[in-house]
Amino acid sequence: MSDAQIGLMTATPIIIFFAIALRRIGVLSTVATVSAVSISVAIAAVLFTTQ
């Protein structure tokens, strides 16, 4: 596993955590939270498989 893949595995859960935290305090809407989580997972999956 390359350093880039390890970075993706580290950064993606952090992005998801922050999106959920921002949703809970009322900064993001539900649609924005779902979009942020799904797009970050999709980007991580594409980058992970192409590394």
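Where does alanine 42 lie? Alanine 42 sits in helix α2, and the views below take it from there. This is a predicted model, in which local features need pLDDT of at least 70, side-chain atom pairs count only at pLDDT 80 or more, and totals for chains, interfaces and linings use all residues. Residues are numbered from 1 along each chain as its sequence is written, and side-chain values use heavy atoms, with hydrogens and water left out.

**View 1. The whole protein: two helices and zero strands.** Helices (H or I, at least four residues) and strands (E, at least two) are DSSP runs, numbered from the N terminus. Helix α1 covers residues 3–24, and helix α2 covers residues 30–50. Along the principal axes, the C-alpha atoms fill a box of roughly 35 × 15 × 10 Å. Of the 51 residues, 14% count as buried (buried means under 20% relative accessible area, exposed over 50%, partly exposed in between; 1.4 Å probe, protein chains only).

**View 2. Alanine 42 and valine 41 on helix α2.** Alanine 42 is partly exposed, at 42% relative accessible area. Its C-alpha atom is separated by 17 Å from that of phenylalanine 18, 24 residues away along the chain. Valine 41 is partly exposed too, at 39%. Leaving aside neighbours within four places in sequence, valine 41 is in contact with Thr12 and Ile16 (contact means heavy atoms within 4.5 Å). Go 16 residues along the sequence from valine 41 and you get to isoleucine 25, with 22 Å between the two C-alpha atoms.

**View 3. Threonine 33, a buried residue of helix α2.** Beyond four places in sequence, threonine 33 is in contact with Ala19, Ile20, Arg23 and Leu28.

**View 4. Glutamine 5, a buried residue of helix α1.** Glutamine 5 has 11% relative accessibility, so it counts as buried. The side chain of glutamine 5 reaches the backbone oxygen of phenylalanine 48 at 2.9 Å. With neighbours within four places left aside, the contacts of glutamine 5 are Phe48 and Gln51.

**View 5. The one aromatic pair in the whole structure.** Phenylalanine 17 and phenylalanine 18 pair edge-to-face, 5.7 Å centre to centre and 65 degrees between the planes. Rings of Phe, Tyr and Trp (its six-membered ring) pair if their centres lie within 6.5 Å; planes under 30 degrees apart count as stacked, over 60 as edge-to-face and the rest as tilted. Phenylalanine 17 counts as exposed, at 56% relative accessibility.

**View 6. A nonpolar surface patch of Met1, Ile6 and Met9.** Together these residues have about 340 Å² of accessible area. Isoleucine 6 belongs to helix α1 and is partly exposed, at 41%.

Conventions:
Patches are made of residues with over 30% relative accessible area and no salt bridge: like charges are joined within 9 Å, nonpolar side chains (Val, Leu, Ile, Met, Phe, Trp, Tyr) within 5 Å. Accessible areas come from the Shrake-Rupley method with a 1.4 Å probe; for residues, only the protein chains shown count as cover. A salt bridge is a side-chain nitrogen of Lys or Arg within 4 Å of a carboxyl oxygen of Asp or Glu. A polar contact is a pair of N or O atoms within 3.5 Å; within protein, one must be able to donate a hydrogen and the other to accept it, and residues adjacent in sequence count only if both atoms are side-chain atoms.
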